[in-house]
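Please keep the sequence and the model in view while reading.

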Amino acid sequence: MTDPGSPQFMQTPTAVDPGALLALSDQHHARPVRPLGSRTVAGHLVKPYVIEAPGRTVTDAYVQTVLRVAADHLATAQLRGSLGLAVLLLHAGGDGDYVLVHTWIEGYMSDLALYVGPAGEADRLRPGRSGLAPCVWEAAVLAHERDAFTRHVLDGNGPIEERLAAWRDDTMQGEVR
């Protein structure tokens, strides 16, 4: 058994790519995130957000198209155990567009659908490849939303309408890293 304090244990594992990690570090930057106000989509209470890479802007027309994509996905969400609450991320990324539909489902679980497409072409969004997961900026918003769901809905007090109002109003705005 290798001693965790030994020099052999402290060596960088072979799968770690120092050059790629440093390149990511050099290019990492803050991105603005803003909520778009809650709304009902396919019977779900949805909190949409926009994340924009430098030089990218999400238009109202883009938002409307993405809401239709989310509605198509959420129309069958009850088959996946949906509890009726969802978060929608519209990420105008540096290399294309990403849309995430995150739905709270039964058993303290969540359902996540990712759509990808060319920059600024919401009508060309398609389901992402198997295994694709949120990027660092998207994960920051989802972490906030996990905490808001737990704080207001699961651990909240009072009637469910008050809990849902508190969850709906607890949004993230500003820069994420």
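In which sense, left-handed or right-handed, does α4 cross α5? The crossing of α4 past α5 is right-handed, the near helix being turned clockwise from the far one by less than a right angle. The model is predicted: local features need pLDDT of at least 70, side-chain atom pairs count only at pLDDT 80 or more, and totals for chains, interfaces and linings use all residues. Residues are numbered from 1 along each chain as its sequence is written, and side-chain values use heavy atoms, with hydrogens and water left out.

**Helix pair**
- Helices α4 (residues 136–154) and α5 (residues 160–169), taken from DSSP runs of H or I with at least four residues, pack at about 160° with axes 8 Å apart.
- α4 is therefore roughly antiparallel to α5 (angles over 145 degrees).
- In the contact (heavy atoms within 4.5 Å), α4 supplies E145, A148, F149, H152, V153 and L154, and α5 supplies I160, R163, L164, A166 and W167.
- Eight nonpolar, one polar and two charged residues form this contact.

- Leaving aside residues up to four places away in sequence, V99 touches Y62, V66, L88, L89, A113, L114, Y115 and L125.

Methods: Axes fitted to C-alpha atoms, helices over the stretch in contact; angles between N-to-C directions. Helix = DSSP H or I, 4+ residues; strand = E, 2+ residues; numbered from the N terminus. Parallel < 35°, antiparallel > 145°, perpendicular 65-115°, else oblique. Nonpolar A, V, L, I, M, F, W, Y, C, P; charged D, E, K, R; others polar.
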